[in-house]
Amino acid sequence: MIFTLDQIALYAKRARSTPRSISEELRGWRWNEPPVFPSSSRTLGVSDVLSTCPTGRDVFLRYVKWVRSGTEPRGSLIHETYASAVETVKRFIYEGVSDGNQLRSSMLEEFYTFMKRLDKYRDFPQYLEVGRAMWDYVSSVYSSELDRAVQRSPFLARDSLASMIVPFFVEYPVDGSLVGLNQVRVDAFIPQIPMVAEMKTGVRKKYELSLAGYALAYESNFETPVDFGLLCYVKYEGRINVRCDFKVISDRMREEFLEERDKRLEILDKEIDPGLPNFCDPHCPFLSVCGGKR
Ligand code: SF4
């Protein structure tokens with residue numbers, strides 16, 4: 001999830017040597033024909049399409065009944081810290097920091113300002129330790145990268161240096177309206193391949209479908225194929241561990257994503273309560289609202 005230029009070069013090689021066959025009708029640029037054409041003029045977020053509720057009742061509660069839910073603290077805490085730390089690294093480079101030790105100590109100082117933003121996660125055990133571990137992880141990777149880059153090319157302009165050290169975009173915005181989605185924000189977008197990456201703190205089969213949602217949205221805008229994605233699992237075990245699975249964004253993933261999208265858009269259009277599933281996810285933020293089954 002914290003990609004370096006060398007890692008991206010390896011992923012590019014892997015992408016080039018990975019066979020894939022993606023049907024033309026499942027490309028985002030075919031947004032004006034089924035099955036990509038959305039069944040409604042309404043739009044949803046990728047996370048709404050892939051929510052943990054098997055019947056989509058959460059979508060009904062959120063957008064038809066306007067019921068508010070809590071957020072998942074662990075995922076949001078890690079995500080917010082990651083995005084902010086990467087942005088801060090870039091900011092320091094643009095401000096003229098050109099030495100790994102200087103970047104490390106500037107990041108450490110900045111953490112004490114940032115940690116006030118973590119107050120909202122205080123109910124989550126070890127929230128400060130987790131935030132600090134994520135922040136330090138980003139700081140450590142990019143401080144080393146900065147030293148290497150400056151050694152290799154000492155006279156780079158700040159903009160070139162920043163793009164070498166952080167060679168991808170965090171929270172990359174893509175307009176998903178042509179494919180029935182809101183403006184999506186891709187956790188990490190790697191333009192060199194191009195490839196999308198999603199960060200998750202738990203494991204669920206459905207998560208990989210978010211890559212299909214991002215690919216469809218990107219393809220609908222830029223008419224450029226996005227064949228690959230990374231599903232990155234982030235865990236705190238005293239320190240941050242990250243494992244990224246390389247995926248072809250296949251026909252099956254695209255079809256399953258579109259099926260879920262249409263199912264949930266229909267709930268919005270018809271305003272029909274889809275009812276409770278046989279079992280509810282114990283982490284569903286609506287458990288207390290609909291007295292879900294466990
Ligand atoms: S509590 Fe159950 S039915 Fe209600 S939204 Fe969550 S998973 Fe769906």
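1. Helices here are DSSP runs of H or I with at least four residues, and strands are runs of E with at least two, numbered from the N terminus. The model is predicted, so to speak from the record: local features need pLDDT of at least 70, side-chain atom pairs count only at pLDDT 80 or more, and totals for chains, interfaces and linings use all residues. Residues are numbered from 1 along each chain as its sequence is written, and side-chain values use heavy atoms, with hydrogens and water left out.

2. On cavities (sets of points on a 1 Å grid over the protein atoms alone where a 1.4 Å probe fits but cannot get out), the count is two of 30 Å³ or more. Volume is the space filled by probe spheres set on the points, with points joined across faces, edges and corners.

3. The largest cavity holds about 90 Å³. Its lining (residues with an atom within 4 Å of a point) has 14 residues, with Cys53, Cys280, Cys284, Phe286 and Cys290 nearest the centre. α3 (57–64) and α10 (287–290) each supply at least two of the lining residues, and α3 has the largest share, at three.

4. By class, that lining has nine nonpolar, two polar and three charged residues. Nonpolar covers Ala, Val, Leu, Ile, Met, Phe, Trp, Tyr, Cys and Pro; charged covers Asp, Glu, Lys and Arg; the others, Gly among them, are polar.

5. The second largest cavity comes to about 40 Å³. Leu5, Asp6, Glu145, Arg148, Ala149, Arg152, Met164 and Ile165 line it, with α1 (5–16), α6 (127–152) and α7 (158–165) each giving two or more. α6 has the largest share, four residues, and the classes split into four nonpolar, no polar and four charged.

Conventions. 1 Å grid on protein atoms, 1.4 Å probe; cavity = no way out; pocket = protein on both sides within 12 Å on 5 of 7 lines; lining within 4 Å.
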